[in-house]
Amino acid sequence: MEKSFGEAMGRCLSTSSPETNALKNGDAQMEANTRETDTSVTIEPRVAVVGLGGAGCNVASVFYNELAPVDAIAINTDKKALDETSADKKIYICKAVTKGEGTRGDARLGSRCAKVHEDAIEKALVGHDIVFLIAGLGGGTGTGAASVVAEICNRNGIPVFAVAINPFSFETGRIPVARHGLRMIRAVCPNTFTVENDKILGLMPDATIDEAMRAVNLSITSFVRKTADEFASKIEKEMSSEKQTSSGRIGDMPEIQAMPRIKT
Ligand SMILES: Nc1nc2c(ncn2[C@@H]2O[C@H](COP(=O)(O)OP(=O)(O)OP(=O)(O)O)[C@@H](O)[C@H]2O)c(=O)[nH]1
Ligand SMILES: [Mg+2]
């Protein structure tokens, strides 16, 4: 990861960030997911993990198969890959353009396909309190679509994080596409983290490429979980201090506890 979690959260919760303003103003979506009883407030942040393209959809499948308390949303131009993905929601983008066969490394096409399906993507995302985008860089779909989806989140005031997987260094032809794609994503999603596929090969020298990618995918899932938990607890603290300020008496404070929504 290039950036520490603390840095990301600092950015997310700094007074100038749109995310914080949304939270401080009592963001409608978060309110909808907050229950207040006589003595306690329970926050149930609704988390979406959006897998874009082949790598992203593989990570979304891990979340879905582990029954993680998130909504796993898979977006792909590759119909066969999407059919093989496990997810709460699948969005097949641009049958008319890619004929269901992916973009074959054309990131501009990936971006265009996502734009054509903006309404469906927006509908799937609205109502979530935090969104994580996962994309492998260097292909066309994930690289091109991630910034489009990040912008949809920005427009809707949904805090968004991106996890961008850099290709292996032996995928030389993909490196320039990956670099350009990362710049595009960072331009609209400051909370973008990169993961190096290469690094895992150093840690698992005898692993096959598939095993290495699976290990990377697993590390992404634990990163997302930790980040979402930290995000929820920051919100709780903000709400807690606001309540202290407004009541003026700590004794009036309701107990606040995080309780992630469990998928049934
Ligand atoms: N960690 C990890 N990396 C992957 C995985 N699958 C692919 N990658 C990496 O991600 C890069 C992009 O590949 P894909 O995600 O398949 O590309 P795509 O977004 O589907 O793009 P197109 O198929 O060209 O439309 C590859 O060059 C690999 O380095 C995966 O399951 N895990
Ligand atoms: Mg693909």
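Figure 1. At 1.5 Å a residue, the 13 residues of helix 4 should span 18 Å, and the C-alpha atoms at its ends do lie 18 Å apart, so expectation and model agree. Please keep in mind that this is a predicted model. How many residues of helix 4 are buried? The count is 11 of the 13, so the rest of the structure largely encloses this helix. The buried residues include the glycines Gly53, Gly54 and Gly56, and also Val59, Ala60, Val62, Phe63 and Tyr64. After helix 4 comes Leu67, which has a positive phi, near 55°.

**Figure 2. Asn65 shows another side of helix 4.** Asn65 belongs to helix 4. Is Asn65 buried or exposed? It counts as exposed, because it has 11 C-beta neighbours inside 10 Å, and a residue with 12 or fewer falls in that class. Look for Ala87 in this view too: Asn65 and Ala87 are 22 residues apart in sequence, while their C-alpha atoms are 8.2 Å apart in space.

**Figure 3. A shell of residues surrounds ligand 1.** Here you can find the 26 residues around ligand 1, of which the closest are Gly53, Gly54, Gly136, Gly139 and Gly142. Helix 4 (53-65), helix 9 (141-155) and helix 12 (209-247) are the elements that each give two or more residues to this shell. Which element gives the largest share? Helix 4 does, with 4 residues. Sorted by class, the shell holds 16 polar, 6 nonpolar and 4 charged residues.

Figure 4. Take Val149 as an example to explore: leaving aside residues up to four places away in sequence, Val149 touches Val50, Leu52, Ala114, Ile121 and Leu133.

**Figure 5. Helix 7 is packed among other helices.** Of the 10 residues of helix 7 (residues 107-116), 7 are buried, so this helix is largely enclosed by the rest of the structure. They are Ala107, Leu109, Gly110, Ser111, Arg112, Cys113 and Ala114. Which helices do these buried residues pack against? Their partners are helix 6 (95-98), helix 8 (118-125), helix 9 and helix 10 (175-188).

Figure 6. Strand 7 covers residues 160-166 and includes Val160. Val160 counts as buried because it has 27 C-beta neighbours inside 10 Å, and 20 or more are needed for that. Not counting residues up to four places away in sequence, Val160 touches Val131, Leu133, Ala150, Cys153, Asn154, Cys189 and Asn191. One of these, Leu133, is 27 residues from Val160 along the chain, yet 7.4 Å separates their C-alpha atoms.

**Figure 7. Stepping back, the whole chain comes into view.** The protein chain has 12 helices and 9 strands, and 42% of its 264 residues count as buried. Among contacts between residues at least 6 apart in sequence, 67% join residues at least 24 apart. Over residues 1-32, however, the pLDDT is below 50. It also stays under 50 over residues 247-264.

Methods:
Residues are numbered from 1 along each chain as its sequence is written. Chains are lettered from A and ligands numbered from 1 in the order in which they are written. This is a predicted model: local features need pLDDT of at least 70, side-chain atom pairs count only at pLDDT 80 or more; totals for chains, interfaces and linings use all residues. A residue is near a molecule or strand if its C-beta atom, placed from the backbone, lies within 6 Å of it. Ala, Val, Leu, Ile, Met, Phe, Trp, Tyr, Cys and Pro count as nonpolar, Asp, Glu, Lys and Arg as charged, and the others, Gly among them, as polar. Two residues are in contact if their C-beta atoms, placed from the backbone, lie within 7 Å. The expected span of a helix is 1.5 Å times one less than its number of residues. pLDDT is the predictor's confidence in each residue, from 0 to 100.
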